[in-house]
Amino acid sequence: MQQQQLHARLMKCLSCSHSHLPLPPPRPPPFHSLQRFASSQPKGVAKVILKKGKTQLFKDGSPMVYSGAIDRIIGRPPPKTGDIVLVADGTEKPIGWGLYNSVSMFCVRLMQLEEEATRDPSCALDMEKLLETRINAAVELRRGLGLPSATTNAYRLVNSEGDRLSGLIVDVFGDLAVVASSAAWVETYKSKVKACISSIDEINHIHWRPSVEILKEEGMDAADLKELHPSTCPQRTKRTKVIENGISYAISLEGQKTGFYADQRENRMFLSTISHGQRVLDVCCYSGGFALNAAKGGAMSITGVDTSLPALELARENIALNNLDPEKTSFLREDATVFMKGALSRNDSWDIVILDPPKLAPRRKVLQSASGMYRNLNSLAMKITGRGGLLMSCSCSGAMTQSGMFLRTLQGAASMAERKITVLRQSGAGCDHPIDPSYPEGAYLSNILLRVL
């Protein structure tokens, strides 16, 4: 009897103790691995295996898988240009997926990492869905930044690696979108790219500008590119007009890059605040962006220099478009080095000099020679900047900026010019030009404002 009572009390205690134990944690959601998605594809997905020690670079976000990083490719038949492939480490575990190119030095452009596909499987191995998602995200980012606005309707909508769409750039000029394509995959998915852009409320026209020389390296036939993308712009005009910070610009759709350098918007506006009563020189002026802002800011005189006659014609047109005094502004067609050497021989000088050359270091392998060109140009610019004056020196070479060499190059230029410099301001492109710091060869604007003594 006592044993039965003891057993009953013991069972009751055990029952009570279990009632106070915490509930087991909920089961995690099912793991959506890229390998599982690939296995469900009817045609299968090839796998690109990276060499030992190369994986972390791409896990950190670099989108360009170059041929030297690849150990082997698993898949029969082998992948063709434009095919979706998995990218995997040495143990064959996928780290992401991307688009394959059998010709380019960049064999794969990574589009989505494994952990991203796990968090949001809706875009896994689906390039059209990914395009739609990324372009919509780019639109929302710009709207959050106040673009477009009543005073600015020229801005960058998609900035290649910065918006996770390597090889695709889209600039918006009013109701016109200019698409700059520099990757074979963009050509492959051109219909979807156009459909996504056309769905944006304010866009009525699309002008496609394939980067022919780069696309030839991607295996594209240059002869075909001219016929692939008819413009939806009215045939009667190759021009459009935009407004930036209240200043109007005529843009040529056949001009440099997409036709307008929207990345300098904030730097141009800054120049207008320091130009009152100053003599301003704009070297490599293109269509007069800095010159116009100097004139709006009340500069005493402005000189613009460029080698492109069509660009200078645009610059003069822009002066008239904004009802600015043409007597205060002159535009000269001349090589930058030749002009600055001539000015030096005449003892000419300016209070503010802007030097904004084209990209001199498109690749890291030419960085050393490019740094010499930057040094020589800036040395001349410093010599024709009046003592105590300002030099705004610009570099749009990502390789130069990310190497940390730009400021050192300017210091070397000051030594050559026998001038002392102090750094007053460092800036980059506007917020509508996001950058991917893991990819140093992308466009990456750097402006440094110097006081020259």
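**Stop one: a helix pair**

This is a predicted model. Start by selecting residues 336–345, helix α13, along with residues 367–383, helix α14: their axes come within 9 Å and cross at roughly 30°. That angle is under 35 degrees, so α13 counts as roughly parallel to α14. Look at how they pass each other, and you'll see a left-handed crossing.

Now show side chains. Which residues make the contact between α13 and α14? On α13, pick Ala336, Thr337, Met340, Lys341 and Leu344; on α14, pick Leu377, Leu380, Ala381 and Lys383. Colour them by class and this contact of α13 with α14 splits into six nonpolar, one polar and two charged residues.

**Stop two: a four-stranded sheet**

Next, hop over to the open sheet, where four strands run in the order β7-β8-β9-β10 with mixed pairing. Which strands stand at the edges? Select 154–159 for β7 and 205–210 for β10: each has a single partner strand, so one side of each is left without a neighbour in the sheet. From one strand to the next, the twist averages 20°.

Zoom in on β8 (residues 168–173) and β9 (residues 176–181), which pair in the antiparallel sense over six bridges.

Notes. Residues are numbered from 1 along each chain as its sequence is written. This is a predicted model: local features need pLDDT of at least 70, side-chain atom pairs count only at pLDDT 80 or more; totals for chains, interfaces and linings use all residues. Side-chain values use heavy atoms; hydrogens and water are left out. Axes are lines fitted to C-alpha atoms, for helices over the stretch in contact, and angles run from 0 to 180 degrees between N-to-C directions. Helices (H or I, at least four residues) and strands (E, at least two) are DSSP runs, numbered from the N terminus. Angles under 35 degrees count as roughly parallel, over 145 as roughly antiparallel, 65 to 115 as roughly perpendicular and the rest as oblique. A crossing is left-handed if the near helix is turned anticlockwise from the far one by less than a right angle, and right-handed if clockwise. Contact means heavy atoms within 4.5 Å. Ala, Val, Leu, Ile, Met, Phe, Trp, Tyr, Cys and Pro count as nonpolar, Asp, Glu, Lys and Arg as charged, and the others, Gly among them, as polar. Two strands pair if DSSP finds at least two bridges between them.
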